[in-house]
Amino acid sequence: MKKFLIFGMMLCMFFACRKDIEETKIIEETPDPPAVYVTATLLGTVVDENNSPVANATVQYGNDVYTTNEEGLFLIPESRF
């Protein structure tokens with residue numbers, strides 16, 4: 001009878017200590033920041049691998065094409081970037 005009592009107590013302790021684990025995954029989605037557009041004039045220089053200006057190079061922005069001058073400079077007039 002003593003063995004049955006000890007076995008019963010151990011059995012109760014085993015089931016009493018059992019934890020039901022429920023996994024919950026939290027996925028946080030970061031929203032994309034809103035697009036910010038500015039209106040500006042863009043001035044740039046096109047150079048080669050020797051850092052020398054490239055004359056008559058073409059620079060494309062959207063559907064517009066610009067050409068550099070003899071100093072490699074191009075100018076995109078006031079546009080929305």
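## A charge over a ring

A charge sits over a ring if NZ of Lys or CZ of Arg is within 6 Å of the ring centre and within 35 degrees of the ring normal. In this predicted model, Arg80 meets that description: Arg80 lies over the face of Tyr37, at 4.2 Å from the ring centre.

Pairs between two aromatic rings are another matter. Such a pair is described by the distance of the centres and the angle of the planes. Here there is none to describe, as a search of the whole structure gives 0 aromatic pairs.

## Helix and strands

The protein chain contains 1 helix and 4 strands.

Strand S2 covers residues 58–61 and strand S3 covers residues 64–67. The two strands pair in the antiparallel sense, over 4 bridges. Within this pairing, Val59 has Tyr66 of S3 as its bridge partner.

S2 and S3 form a hairpin with 2 residues between the strands. In this hairpin, Gly62 takes a positive phi near 65°.

## Burial, contacts and surface

How much of the protein chain is made up of buried residues? Of its 81 residues, 11% are buried. The protein chain exposes about 8,000 Å², and carbon and sulfur atoms supply 58% of that area.

Contacts can also be sorted by how far apart the residues lie in the sequence. Among contacts in the protein chain with a separation of 6 or more, 44% come from residues 24 or more positions apart.

Note on methods. Residues numbered from 1 in each chain as written. Predicted model: local features only at pLDDT ≥ 70, side-chain atom pairs only at ≥ 80, totals over all residues. Heavy atoms only, no water. Phe/Tyr/Trp six-rings, centres within 6.5 Å; stacked < 30°, edge-to-face > 60°. Pairing = 2+ DSSP bridges. Buried < 20%, exposed > 50% of the residue type's maximum accessible area, 1.4 Å probe, protein only. Contact = heavy atoms within 4.5 Å. Areas by Shrake-Rupley, 256 points an atom, 1.4 Å probe, with all protein chains shown as cover.
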